Amino acid sequence: MKKFIVETYYTCTFKTIHTLDDLNDSELSKVDSRTDGNVEVIDVKLNNRKTKKIGNGKKEKVKTIENKTSVSKKTEPQIQINKKTHGENQNFQKIKNNARFKMPDRRKGYIQKAQIGDHKVYLHTGEYDDGKIGEIFIDTNKEGELVKAMMNNFAIAISLGLQYGVPLDEYVDAFIDTKFEPSGNVIGNDRILSASSILDYVFRELAISYLGKEELAHTPSIATSKNINQETTDDKFLKIVKNITSKGFVRSNLEEKLVDLSDVRINLKTKN
């Protein structure tokens with residue numbers, strides 16, 4: 001029966017952190033000989049393996065490695081302690097990097113045009129397939145390049161926050177009732193009649209359309225009291241319409257927006 005010994009070689013990349021009272025040439029020259037530093041493992045990789053046969057006097061041909069990294073015995077205990085921490089940090093970074101839910105390439109949404117004082121505001125929204133809002137764009141007129149650039153980048157920041165999981169409620173609570181010009185009467189929105197600022201108008205509109213916060217509206221909803229989200233019917237057609245319709249545009253009032261075309265007949269004739 002043959003027996004073998006398998007030797008495994010690893011390449012360990014680590015850094016040592018020292019605290020210096022004074023930064024000068026004499027202190028730096030003594031850093032390599034100091035043993036009081038904190039060792040932090042950066043990476044541990046499998047470099048190579050070689051196999052030896054036991055009980056045979058002849059030397060076996062083994063695989064050799066090109067690069068070997070020796071680790072000081074003084075730093076080995078600290079490295080073992082930091083391996084677990086390093087692995088946990090790597091997993092946390094992977095989770096953090098993958099936490100963003102990007103918008104689909106082809107998405108639903110709506111555009112709401114309104115006028116606050118003498119300023120026109122165009123609110124563009126983008127939705128996920130399930131109807132949740134994932135991005136906004138804000139366009140204005142009669143504004144300088146600086147204000148337009150600030151509004152565009154503000155909308156991008158809000159969109160990134162929504163895609164990383166920040167609830168829309170948090171933005172609504174933060175920006176509702178903010179006061180700056182332009183402000184005053186709102187023309188073109190059927191639910192909002194006045195706003196104290198552009199941000200107050202934008203997030204009031206989003207709260208009504210996507211969160212159903214009717215207390216922020218100035219006019220009552222024209223929809224029935226039936227809640228579409230708690231539907232008890234098995235109407236497949238209604239479910240299909242919900243999947244392809246912008247939730248913000250219809251404000252979840254699907255039955256009020258649908259048009260019954262069951263009795264309409266269209267006669268299509270082809271030309272000879």
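**Reading a pocket, a sheet and its helices**

Modeller: The second largest pocket holds about 310 Å³ of space. This is a predicted model, in which local features need pLDDT of at least 70, side-chain atom pairs count only at pLDDT 80 or more, and totals for chains, interfaces and linings use all residues. Residues are numbered from 1 along each chain as its sequence is written, and side-chain values use heavy atoms, with hydrogens and water left out.

Colleague: What is a pocket here, and what is its volume?

Modeller: Rolling a probe the size of a water molecule over the atoms shows where empty space is left. On a 1 Å grid over the protein atoms alone, a pocket is an open set of points where a 1.4 Å probe fits, with protein on both sides within 12 Å along at least five of seven lines. Grid points are joined across faces, edges and corners, and the volume is the space filled by probe spheres set on the points.

Colleague: Which residues line the second largest pocket?

Modeller: Lining residues have an atom within 4 Å of a point. There are 16, and Lys132, Ile133, Leu162, Val166 and Leu168 lie nearest the centre. Helix H3 (145–163) and helix H4 (168–175) are the elements that give two or more residues to this lining. Helices (H or I, at least four residues) and strands (E, at least two) are DSSP runs, numbered from the N terminus. By class, the lining has 10 nonpolar, 3 polar and 3 charged residues. Ala, Val, Leu, Ile, Met, Phe, Trp, Tyr, Cys and Pro count as nonpolar; Asp, Glu, Lys and Arg as charged; the others, Gly among them, as polar.

Colleague: How do H3 and H4 pack?

Modeller: Axes are lines fitted to C-alpha atoms, for helices over the stretch in contact, and angles run from 0 to 180 degrees between N-to-C directions. H3 and H4 pack at about 145°, axes 10 Å apart. Contact means heavy atoms within 4.5 Å. Phe154, Ala157, Ile158, Gly161 and Leu162 of H3 meet Leu168, Tyr171 and Phe175 of H4.

Colleague: At what angle do H3 and H5 pack?

Modeller: About 35°, with axes 13 Å apart. Met151, Phe154 and Ile158 of H3 touch Ile198, Leu199 and Phe203 of H5. By class, that contact has 6 nonpolar, no polar and no charged residues.

Colleague: In what order do the strands of the open sheet run?

Modeller: Two strands pair if DSSP finds at least two bridges between them. The order is E5-E4-E3-E6-E7, with antiparallel pairing. Strand E5 (133–140) and strand E7 (194–195) are the edges. E6 (residues 184–187) pairs with E7 over 2 bridges. There, glycine 184 stands opposite alanine 195.
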